[in-house]
There are 2 protein chains.
Amino acid sequence: MLGNFEYANPTRLYFGEDSLGYLNVELPKFGQTIMLTYGGGSIKKNGIYDQVVEILRANGKTVVEDPGVMPNPTVEKLYEGCRIARENQVDLILAVGGGSVCDYAKAVSVSAYCEEDPWEKYYLRMEDVDNPVIPVGCVLTMVGTGSEMNGGAVITNHESRLKIGHVFGDNVFPKFSILNPVFTYTLPEYQMVAGIYDIFNHICEQYFSGEDDNTSDYISEGLMRSLIRASRIAIQNPADYEARSNIMWTATWALNTLIAKGKTTDWMVHMIGQSVGAYTDATHGMTLAAVSMAYYRHIMPCGLAKFRRFAVNVWDVSPEGKSDETIAAEGLGRMEAYMKELGLVMNLRDLGVTEDMLEGIADGVLP
Amino acid sequence: MLGNFEYANPTRLYFGEDSLGYLNVELPKFGQTIMLTYGGGSIKKNGIYDQVVEILRANGKTVVEDPGVMPNPTVEKLYEGCRIARENQVDLILAVGGGSVCDYAKAVSVSAYCEEDPWEKYYLRMEDVDNPVIPVGCVLTMVGTGSEMNGGAVITNHESRLKIGHVFGDNVFPKFSILNPVFTYTLPEYQMVAGIYDIFNHICEQYFSGEDDNTSDYISEGLMRSLIRASRIAIQNPADYEARSNIMWTATWALNTLIAKGKTTDWMVHMIGQSVGAYTDATHGMTLAAVSMAYYRHIMPCGLAKFRRFAVNVWDVSPEGKSDETIAAEGLGRMEAYMKELGLVMNLRDLGVTEDMLEGIADGVLP
């Protein structure tokens, strides 16, 4: 049942091989000083950094560097970014990277002018934003989080062993995002498949809720089918433009609020995965993969009809002459086989989790 | 293959039984004078008019009436609306009605301050908008066109026997739209099923193009499956909230630019249907239904793989042991049976088309 909801997504997307040039259309809309935010330097190796800086210079912008955003952005890095943004009174944060860089950019955008500790206000207390927000633009180089078209911003606090995501409102969404599938070609396979599973799990988290008839679930099934097909091609040939473009596009629509409309969601795999991340600093998508099969087999009996539908509509399990339990279990079996085909990490031990961490991880799931 | 494209949709949607109250959130964003645009008066009978006017008054707005928008809005009515909008210097056009009222409101919004004949500039010559645009908001009472979240605005010129749609850019999209499924309950069945087929055909027009692997087609399949299921429930029980809400939501996403991304489309059924409409003034959705089966059977051999996929993924045709032609034909057979189940008009004669009109209708398809 589609209940009462609001839908608005102000992010403008430029998609395709030629999309970087649209920076020239967007930059004039913002002020003089641009904070260039990026990660560990891979964009310097693959040439994207040089291309972006050339466009910034051609537009006469003053560039303030903010490098070194780590895969799980820390609260210490957030404080540093806020200081850089404030001291230089930046007019736009241009995030060049993957979901971590985009998440971090949004966290800085709401935190730079926060009058108290943003970790406490926006993460521990989850308050609404009531201070000025610096606009964010993204150039995506890694696919999975959907951060390019939503208000999510996950930050990790290693001291308190907490990894928390705040989903901000549409005033915090990126003003624009540039999505060039070719920019994702050089990503190591481990990162690529972790991103693919992050997408798949975003859809699952929203899909496995409710047994009513809801258009959102039909859209979700379409996105999952497209993603499964494209990812199987991409692991064979990472430079297949068609496959990489479909993966990029499913990532955006898996987590830009659309398929959650009319749904109640608890995001439990992400909650567990993030707590694992706070203890291990493991790659986000892999933490989700490691806990998924155990989790979904655990909840399957509580939502049998939905898992049956998942098996038939997403995995083409033939239902004839089988019990609902058998059909549902076959669906999860095909999902598990697909995950192994991608080469995902399938258990916590392989991520470095030890038994003494388990209680702490459990405590961190719902901090 | 997803090619190069831009995606941006600035329309804010409020969906659900309680959504009308959000007018109180939107109205303060606009100036003093609101042009209240509606159709033949059904909103006065079902009480929606009174509810809207009460909210406008409570917000202290000056209301300028613009009633009488006909099902296929004429160029004469467009001129009248432009005059009313200009003379009263209206700050917002509030369209309360179905696709015709919303289309017309957008046509007035771009035409009121057009310095030459808007029919010639924006319809015959299809030029870009270079004059001020009056913002539009919609309260939807009839479902099908998707006009609530796009830039489309079809206008009919009976004198020259032309019905032409201009798809304007996102600066012309409604600023907000209010979607209350309950408002659609009182619609006569003929209008309801015509709207349902309009939605279905919007998806077909974008889906039947290209045999590449494109996420848009997977989303389209999901939307079609949801629509088929919901519409079968709605014709049995028009007051089924779940079904009517899913129909309303599929309508919006069938034509708000998303499923056209990375696609080339020719909109040929709409081109033919609109030309039929210019001659008969028939209900839009019925003109599409009347020409669809003949058209799709005609083009099927040119895109066999896609029609085969349509049969299997949308209509659950079992492909085992059958030729592609047989599978594709079975899919179209199920589509035809579904259309008859809805009670759609299946041929041009029943819409009042006579043989002497055929040449003129053909000439009007690509004016």
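Which strand of chain B pairs with strand 6 (residues 152–157) of chain B, and in which sense? In this predicted model, the partner is strand 7 (residues 162–167) of chain B, and the two run antiparallel over 6 bridges. Strands here are DSSP runs of E with at least two residues, while helices are DSSP runs of H or I with at least four residues, and both are numbered from the N terminus. Two strands are said to pair if DSSP finds at least two bridges between them. Within this pairing, B:Ile155 has B:Ile164 as its bridge partner. The hairpin formed by strand 6 and strand 7 of chain B has 4 residues between the strands, and B:Arg161 there takes a positive phi near 55°.

Residues are numbered from 1 along each chain as its sequence is written, and chains are lettered from A and ligands numbered from 1 in the order in which they are written. Because the model is predicted, local features need pLDDT of at least 70 and side-chain atom pairs count only at pLDDT 80 or more, whereas totals for chains, interfaces and linings use all residues. The pLDDT is the predictor's confidence in each residue, from 0 to 100. For chain A the mean pLDDT is 96, and 99% of its residues reach 70 or more. For the complex, the predictor gives an ipTM of 0.96 and a pTM of 0.97.

The two chains meet through 35 residues of chain B and 36 residues of chain A, where a contact requires C-beta atoms, placed from the backbone, to lie within 7 Å. On the chain B side, strand 1 (5–15), helix 8 (215–236) and helix 9 (241–254) each supply at least two of the residues that touch chain A. That side of chain B comprises 14 nonpolar, 11 polar and 10 charged residues. In this grouping, Ala, Val, Leu, Ile, Met, Phe, Trp, Tyr, Cys and Pro count as nonpolar, Asp, Glu, Lys and Arg as charged, and the others, Gly among them, as polar. Strand 1 (residues 5–15) of chain A also pairs with strand 1 of chain B, in the antiparallel sense and over 7 bridges. In this pairing, A:Glu6 has B:Tyr14 as its bridge partner.

Strand 2 of chain B is largely enclosed by the rest of the structure, because 5 of its 6 residues are buried. A residue is buried if 20 or more other C-beta atoms lie within 10 Å of its own, exposed if 12 or fewer, and partly exposed in between, with C-beta atoms placed from the backbone.

The largest nonpolar core has 224 residues, and those with the most contacts inside it are A:Ile93, A:Val96, B:Ile93 and B:Val96. Such a core is a set of buried Ala, Val, Leu, Ile, Met, Phe, Trp, Tyr and Cys residues joined through C-beta atoms within 7 Å. In chain A, helix 8 (residues 215–236) is mostly covered, with 17 of its 22 residues buried. The helix should span 32 Å at 1.5 Å a residue, and its end C-alpha atoms are 33 Å apart, which agrees. The expected span is 1.5 Å times one less than the number of residues.

A:Pro73 lies in the loop between strand 3 (62–66) and helix 4 (75–87) of chain A, and counts as buried because 26 C-beta neighbours are inside 10 Å. Apart from neighbours within four places in sequence, the contacts of A:Pro73 include A:Ser100, A:Tyr104 and A:Ile155. A:Asp281 sits in the loop between helix 10 (268–280) and helix 11 (284–299) of chain A, and has a positive phi of about 60° although it is not a glycine. Most residues other than glycine have a negative phi. A:Asp281 is partly exposed, with 17 other C-beta atoms within 10 Å.
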